[in-house]
Amino acid sequence: MNKLVHRLAPLAGLIAACLALGSPTAVLAEEPVNTHQIVLKAVNLPSGQYAYQVVSHKIRARNGETSDVTSRYSPKPSIPGPAIVMTEGDVAEVTLEQGISNSNQPVSLHVHGVHYKIDSDGTMKSLNGVADEAAFPGKPYTYRWVAAPGTAGTWMYHDHTFLNPMLGAEDKGLFGTLIVNPADGKVKAMIDGKITEVDVADIKREFILWMHETTFWGMEVNNILGGKQVPLWTNPTLGARQGEKVRFHVIGLGTAFHTFHLHGHRWIESGTTSVIDTVNIGPISRQSFVVQAGEGVGPGDWHYHCHVLQHMQAGMMGDFRVVP
Ligand SMILES: [Cu+2]
């Protein structure tokens, strides 16, 4: 029996490989809703860290209209990197440039959650068996991401080659957020004490908080200002008007396990109907939830923090400032 299993195992592996390679070609049969043409650059910061920045972002809609949304982004690099927002049915062609002045090593983009073919894996040939899928100085690399049905969620993109050809340098700042909104435009939320659905279009602000070691790294996407992105850097004060629907995206990075807690607010745990106010966040696990700012509690500086005592003591905290 064991011998038979051993003889069949390579065949099963081959079939599995064929199936896996076959599926990305079928990810999006029809023309994409929007095609995002994004140019990103990886650079080094004076702090010794590294970061991504957007050079340009154009969106070509299915009807052929093209819009330039580059002004949404900070003109400077940031940690976390720019938040890329797509909708199920969209495709992104992301070109990465190596703009790191103190190194000629390859830098890449490896994305989570969405579909891509093996040549958009963002790893070296030693890992993917196909090609060195990274940008070298003067030699950009283009990746194709497909936000196929079923990929809605908050995901990570990060370097997978720089400094360490197997792992990359995500822990040195080369990471960012991909938000894929559902095609039907609705997300679950608890509003006025009831579990309901809200329109993504009614979300006024997105607060992205990455939990790394003993620090929150933040970014706001302000939907009131057409998706304007404001890098918030470390342990930021977040701001909203009372009653605004805001969405938090809390993501873990590195090796530590955290417990994210927000004072005065409750939310629906992602993928469940549980009402919670604290959630465990491990490396690359995430929680995305909508709250109505100050609901039932009013304005104030509502503290948020990691509830792991050593992390709190090291300053892993900030405020969610709700104004009338
Ligand atoms: Cu923590």
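Q: A pocket here is an open set of points on a 1 Å grid over the protein atoms alone, with protein on both sides within 12 Å along at least five of seven lines; what volume does the largest pocket have?
A: The volume of the largest pocket is about 490 Å³, where a volume is the space filled by probe spheres set on the points, and grid points are joined across faces, edges and corners. The model is predicted, so local features need pLDDT of at least 70 and side-chain atom pairs count only at pLDDT 80 or more, whereas totals for chains, interfaces and linings use all residues. Residues are numbered from 1 along each chain as its sequence is written, and side-chain values use heavy atoms, with hydrogens and water left out.

Q: What makes a residue part of the lining of the largest pocket, and which residues are closest to its centre?
A: A lining residue has an atom within 4 Å of a point; 23 residues line the largest pocket, and V187, K188, S270, G271 and S288 are the closest to its centre. Strands, which are DSSP runs of E with at least two residues, numbered from the N terminus, contribute as follows: β8 (153-158), β9 (175-181), β10 (186-191) and β21 (286-292) each supply at least two lining residues, and β21 gives the largest share, five residues.

Q: Why is the largest pocket said to lie between domain 1 and domain 2?
A: Domain bounds come from an automatic or database domain assignment, and because domain 1 (34-181) and domain 2 (186-323) both give residues to the lining, the largest pocket lies between them.

Q: What is known of the second largest pocket, and where does it lie?
A: The second largest pocket holds about 320 Å³ of space and is lined by 19 residues, with R72, V85, N181, N223 and G227 nearest its centre. Its lining divides into eight nonpolar, eight polar and three charged residues, where Asp, Glu, Lys and Arg count as charged, Ala, Val, Leu, Ile, Met, Phe, Trp, Tyr, Cys and Pro as nonpolar, and the others, Gly among them, as polar. The largest share of this lining, four residues, comes from β4. Domain 1 (34-181) and domain 2 (186-323) both contribute to this lining too, so the second largest pocket lies between them.

Q: What makes β8 largely enclosed by the rest of the structure?
A: Buried means under 20% relative accessible area with a 1.4 Å probe, protein chains only; six of the six residues of β8 are buried, so the strand is largely enclosed. Both faces are covered, with G153, W155 and Y157 buried on one side and T154, M156 and H158 buried on the other.

Q: How do you know which strands pair with β8?
A: Two strands pair if DSSP finds at least two bridges between them. Strand β6 (residues 110-111) and β8 have two bridges, in the antiparallel sense, and β8 and β9 have six, also antiparallel. Within these pairings, Y157 of β8 stands opposite V111 and has G176 as its bridge partner in β9.

Q: Why is one side of β4 and of β6 left without a neighbour in the sheet?
A: Four strands form an open sheet in the order β4-β9-β8-β6, with mixed pairing. β4 and β6 stand at the edges, each with a single partner strand, and therefore one side of each has no neighbour in the sheet. The pairing of β4 and β9 is parallel, over five bridges, and V85 stands opposite I179 in β9.

How values were computed: 1 Å grid on protein atoms, 1.4 Å probe; cavity = no way out; pocket = protein on both sides within 12 Å on 5 of 7 lines; lining within 4 Å. Buried < 20%, exposed > 50% of the residue type's maximum accessible area, 1.4 Å probe, protein only.
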